[in-house]
Amino acid sequence: MTEYTEMLNRERNAEWRVALRNSVPNKERIAIERVKMTEVEPHERIKSQTCEVNCGLTAEQAQREASRCMDCVTPTCVEGCPVSINIPKFVKQIEVGKFLDAAATLKEFSALPAVCGRVCPQEKQCEIKCFYSQKMKKEPVAIGYLERFAADYERLSGKIQIPKVEARNGIKVAAIGSGPSALSFAGDMIKFGYEVTVFEALHEIGGVLKYGIPEFRLPNSVVDVELENLKEMGVNFEKNFVVGRTASFDDLKELGYQAFFVGSGAGLPNFMNIPGENLNGVMSSNEYLTRVNLMYANQSDSDTPVMLGKRVAVIGGGNTAMDAVRTSKRLGAERSIIIYRRSLDEMPARLEEIKHAQEEGIEFMNLANPVEYLADAGGRVAKVRLQRMELGEPDASGRRRPVAIEGDIVEIEVDLVIVAIGVSPNPLIPACLAGLKMSRYGTIEVNEETMQSSIPEIFAGGDIVRGGATVILAMGDGRRAAASMHRYLQEKHKK
Amino acid sequence: MNKIVEKFKLSENVCKFVVEAPMIAKSRKPGNFVILRVGEKGERIPLTIVDSDIAKGTITLIVQNVGASSRKLCQLEAGESLTDMVGPLGKATHIYKAGTILALGGGVGVAPLFPIVKAFKEAGNRVITVLAARSKDLVILENEMREWSDEVIVMTDDGSSGRKGLVTEGAEEVIKREKVDECVAIGPAIMMKFCALLTKKYNVPTQVSLNTIMVDGTGMCGACRVTVNGETKFTCIDGPEFNAHQIDFDELLQRMRAYKNEEDQARNNK
Ligand SMILES: Cc1cc2nc3c(=O)[nH]c(=O)nc-3n(C[C@H](O)[C@H](O)[C@H](O)COP(=O)(O)OP(=O)(O)OC[C@H]3O[C@@H](n4cnc5c(N)ncnc54)[C@H](O)[C@@H]3O)c2cc1C
Ligand SMILES: Cc1cc2nc3c(=O)[nH]c(=O)nc-3n(C[C@H](O)[C@H](O)[C@H](O)COP(=O)(O)OP(=O)(O)OC[C@H]3O[C@@H](n4cnc5c(N)ncnc54)[C@H](O)[C@@H]3O)c2cc1C
Ligand code: SF4
Ligand code: SF4
Ligand code: FES
């Protein structure tokens with residue numbers, strides 16, 4: 001038995017857990033239906049970019065949902081969580097109404113539970129591993145909803161517990177970027193007692209959480225509370241600071257920084273390199289979402305403009321594509337269309353997002369791929385030519401490969417096209433660090449356990465290591481990097 | 001927050017600012033730019049770093065009032081602060097000993113041209129500068145340019161200063177007169193297009209610095225994309241300087257008009 005499963009077991013044998021298990025027979029627990037998240041009605045929510053779609057659970061709903069969980073001997077759900085949250089413990093704490101304790105349990109494992117409870121692809125992680133999904137072919141315990149509930153409860157109660165931090169040890173370390181990987185790294189390092197500075201190129205802290213994911217899915221106020229906590233714990237934030245440009249790594253070393261965590265993300269948007277892609281009215285999802293989410297271009301008092309469209313096509317099938325297409329609907333598009341080269345089943349976006357998009361009247365054109373954009377007389381995009389596809393043999397990813405149907409080309413009228421076909425790692429940092437070992441995809445190579453790069457004092461994690469991944473994986477990386485940087489620096493200072 | 005230490009009016013619509021930015025002053029090189037904002041809902045505006053003073057920890061910016069955001073900036077006075085500023089961004093100009101440099105500046109493009117002229121001169125080149133503007137009042141940095149150039153030719157549309165004519169006329173004269181090893185042209189896109197056509201005719205290698213639309217300036221959005229030698233490049237990280245003879249100027253001109261309607265509206269509203 002590993003140390004971790006031992007711990008899970010020990011916790012499970014706590015008196016209150018045993019009593020709770022015995023108080024309700026499993027048959028009763030199984031009979032309860034999975035909670036339904038209350039949502040703002042589609043016609044209402046598409047009026048606003050900031051109206052959060054999911055309303056969260058009431059305490060009563062949460063406790064009832066928590067009571068479905070059978071507190072399994074072998075909680076397989078935990079295996080599905082990239083940061084191994086002690087799921088049954090926090091769920092049972094909710095069941096008995098100890099919501100603040102549940103929040104504290106979450107915080108032992110995750111720096112941003114209110115964020116992950118909202119944006120984690122739970123259906124592919126913890127929830128798919130739940131006993132209900134695995135063995136009973138029933139709907140899993142709504143772990144994500146419960147996580148969000150506990151974190152929100154704590155935030156709204158005003159009784160946020162600021163984790164204890166060790167006395168300052170005088171050793172300076174830096175995080176580069178301020179996305180989820182860097183934030184969770186900073187949170188742990190400050191707890192260990194280091195002087196931590198987070199350097200961010202943009203004028204806002206939060207990375208994709210701020211400039212990418214829209215407020216209707218993740219309100220900025222939720223992220224801001226987490227940032228305030230980090231500030232209160234003593235993390236120093238430097239905005240408008242591009243490491244490698246404003247100051248080099250050598251400059252920072254001269255200022256006393258002894259080790260670095262690179263969490264600079266995968267910010268470089270991919271394009272398809274097809275004719276007409278540089279026409280006005282064709283832009284990357286990063287540009288579109290940044291103008292709206294970071295620069296508030298949709299608000300009348302903002303100086304930044306954003307192009308509006310009546311017929312908007314979004315190319316791609318991931319979370320980013322869903323965010324962009326749903327944003328376009330909220331900014332007044334008459335038709336908002338997803339164009340994706342595979343079928344609906346193969347879309348990488350979260351199920352919940354696809355469902356919400358469908359409810360909001362988003363059209364889906366599957367098995368179609370743009371081959372050319374055509375302009376109107378004024379030089380703005382007016383049409384997209386699409387190649388129809390069909391599914392062929394499975395490819396390396398196990399998904400069936402889309403193949404072009406010879407000669408089957410259609411044109412549709414559009415006045416705004418948003419390209420959301422993925423991002424590449426941000427090349428800025430690698431370009432200024434000679435000797436840093438990179439993969440051929442432009443990601444930084446690290447030891448998977450320690451997150452240490454080929455340069456000993458440089459650690460890395462999140463999308464700059466994984467290519468495009470998820471918030472929770474980025475966070476897990478940040479935590480692992482913190483733990484091993486801590487070991488590395490302690491070793492170094494012993495000598 | 002970056003404090004404005006000094007402000008000067010260079011012409012009716014052009015202001016010069018000396019701004020506190022110690023880190024940027026130290027790390028910037030000729031050709032680099034910054035992105036700044038005025039106000040919490042302000043736009044991110046790219047501006048070239050014209051000069052810097054490491055000892056004082058300041059950089060110099062020159063801005064032309066062309067629209068809503070540049071006007072907001074021009075309304076700030078010494079003692080007030082920019083909301084934020086980031087840089088230095090973009091690749092630095094490749095400065096080397098080439099021989100004779102022909103520097104062409106149009107309108108406010110003279111501002112980004114200045115640090116390049118200075119650096120080429122310091123690298124031991126002969127520098128001939130042609131400054132062009134619509135009329136006498138709009139010619140900027142003439143004295144500074146004279147200090148760092150072997151010769152300065154001023155061209156105005158109406159002949160109110162220097163000679164009457166376009167920048168390309170002054171340039172052609174020089175190219176015909178003596179051997180030019182490299183040309184640098186900065187100004188409105190349309191001016192750069194015609195400069196590129198001219199120097200191509202005479203086979204003079206030419207660099208231009210593009211002022212595309214930008215948002216982040218770190219390679220994240222692609223708003224600044226431009227076609228160079230048939231390939232899409234991002235001006236903020238691959239540029240802003242490119243080989244003038246490889247640029248698709250018609251596409252560039254088109255893309256710079258992308259937000260024309262929205263900009264006109266903003267100008268009229270504010
Ligand atoms: C629109 C969109 C929707 C998404 N939806 C989901 C979702 O629902 N669920 C999910 O799990 N994941 C989602 N993702 C993916 C997830 O957001 C990312 O995997 C995650 O944010 C990566 O975190 P990171 O720490 O690597 O850095 P990022 O969040 O990418 O942030 C990197 C930061 O580093 C800064 N930076 C870069 N270079 C420098 C430098 N040299 N100096 C200083 N700062 C620098 C950047 O400005 C940026 O702010 C989504 C992504 C997008 C774009
Ligand atoms: C790398 C880089 C360096 C730059 N350096 C400088 C500099 O040193 N000094 C300076 O004054 N400007 C410079 N610019 C241009 C400057 O950023 C823009 O003029 C400014 O952002 C315009 O904002 P605005 O809201 O005031 O005008 P907008 O409302 O955005 O535009 C107003 C009108 O001016 C036109 N316009 C926009 N930009 C330009 C331009 N660059 N030249 C001519 N017409 C334009 C527009 O088409 C529009 O019709 C630079 C741009 C880049 C990308
Ligand atoms: S962090 Fe994500 S995967 Fe882990 S328990 Fe929470 S919702 Fe599930
Ligand atoms: S597997 Fe499901 S039922 Fe079992 S402990 Fe985890 S959440 Fe509860
Ligand atoms: S300005 Fe965004 S990529 Fe260049």
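**A close view, then the wider picture**

Guide: If residues up to four places away in sequence are left out, A:Glu390 touches A:Leu367, A:Arg401, A:Pro402, A:Val403 and A:Ile405. Please bear in mind that the model is predicted. A:Glu390 belongs to strand 11 of chain A, which covers residues 381-394. Its relative accessible area is 41%, so A:Glu390 is classed as partly exposed. A:Arg342 is 48 residues from A:Glu390 in sequence, yet the two C-alpha atoms are 7.7 Å apart in space.

A:Leu367 sits in the loop between strand 9 (363-366) and strand 10 of chain A. Phi of A:Leu367 is positive, near 55°, although this residue is not a glycine. With a relative accessibility of 22%, A:Leu367 is partly exposed; the reason is that buried requires a value under 20%.

Let us now follow strand 11 to its partners. Strand 10 of chain A, residues 368-375, pairs with strand 11 in the antiparallel sense, over seven bridges. Within this pairing, A:Pro370 has A:Leu386 of strand 11 as its bridge partner. The two strands form a hairpin with five residues between them, and in the turn A:Gly379 has a positive phi of about 85°. Strand 11 also runs antiparallel to strand 12 of chain A (residues 400-413), to which nine bridges join it. Here A:Arg385 is the partner of A:Glu411 in strand 12. Strands 11 and 12 of chain A form a hairpin as well, again with five residues between the strands, and A:Gly398 takes a positive phi near 85°. In a regular strand, side chains alternate between the two faces of the sheet.

Elsewhere in chain A there are parallel strands. Strand 1 (residues 172-176) and strand 2 of chain A pair in the parallel sense over five bridges, with A:Val173 opposite A:Val196 of strand 2. Together with helix 12 (residues 180-192) of chain A, these two strands make a right-handed β-α-β unit. On to the next pairing: strand 2 runs parallel to strand 3 (residues 236-238) of chain A, and three bridges join them. A:Phe199 stands opposite A:Glu238 of strand 3. Strand 2, residues 195-199, is largely enclosed by the rest of the structure, because four of its five residues are buried.

The loop between strand 3 and helix 15 (249-254) of chain A holds A:Asn240. This residue has a positive phi of about 55° although it is not a glycine. A:Asn240 is buried, because its relative accessible area is 14%.

A:Glu65 is part of helix 5 (residues 59-66) of chain A. Its relative accessibility is 1%, so A:Glu65 counts as buried. Beyond the residues up to four places away in sequence, its contacts include A:Glu33, A:Arg34, A:Pro140 and A:Leu146.

The cysteines come next. A disulfide is a covalent bond between the sulfur atoms of two cysteines. The count of disulfides over all chains is zero. A:Cys116 is in no disulfide, as the cysteine sulfur nearest to its own, that of A:Cys120, is 4.7 Å away, whereas a disulfide requires the two atoms to be within 2.5 Å. A:Cys116 is buried, at 1% relative accessibility, and A:Cys126 is buried too, with a relative accessible area of 8%.

Ligand 4 is surrounded by A:Cys69, A:Met70, A:Cys72, A:Thr76, A:Cys77, A:Cys130 and A:Phe131. In this shell six residues are nonpolar, one is polar and none is charged.

One runs from B:Gly87 to B:Pro88, with omega near -5°, and B:Pro88 lies in strand 8 (residues 84-89) of chain B. Another joins B:Gly239 and B:Pro240, with omega about 10°. B:Pro240 is placed in the loop between helix 7 (235-238) and strand 17 (241-243) of chain B.

Note on methods: Residues numbered from 1 in each chain as written. Chains lettered and ligands numbered in written order. Predicted model: local features only at pLDDT ≥ 70, side-chain atom pairs only at ≥ 80, totals over all residues. Heavy atoms only, no water. Buried < 20%, exposed > 50% of the residue type's maximum accessible area, 1.4 Å probe, protein only. Contact = heavy atoms within 4.5 Å. Pairing = 2+ DSSP bridges. Right-handed = clockwise from strand over helix to strand, strands pointing away. Near = heavy atom within 4 Å. Nonpolar A, V, L, I, M, F, W, Y, C, P; charged D, E, K, R; others polar.
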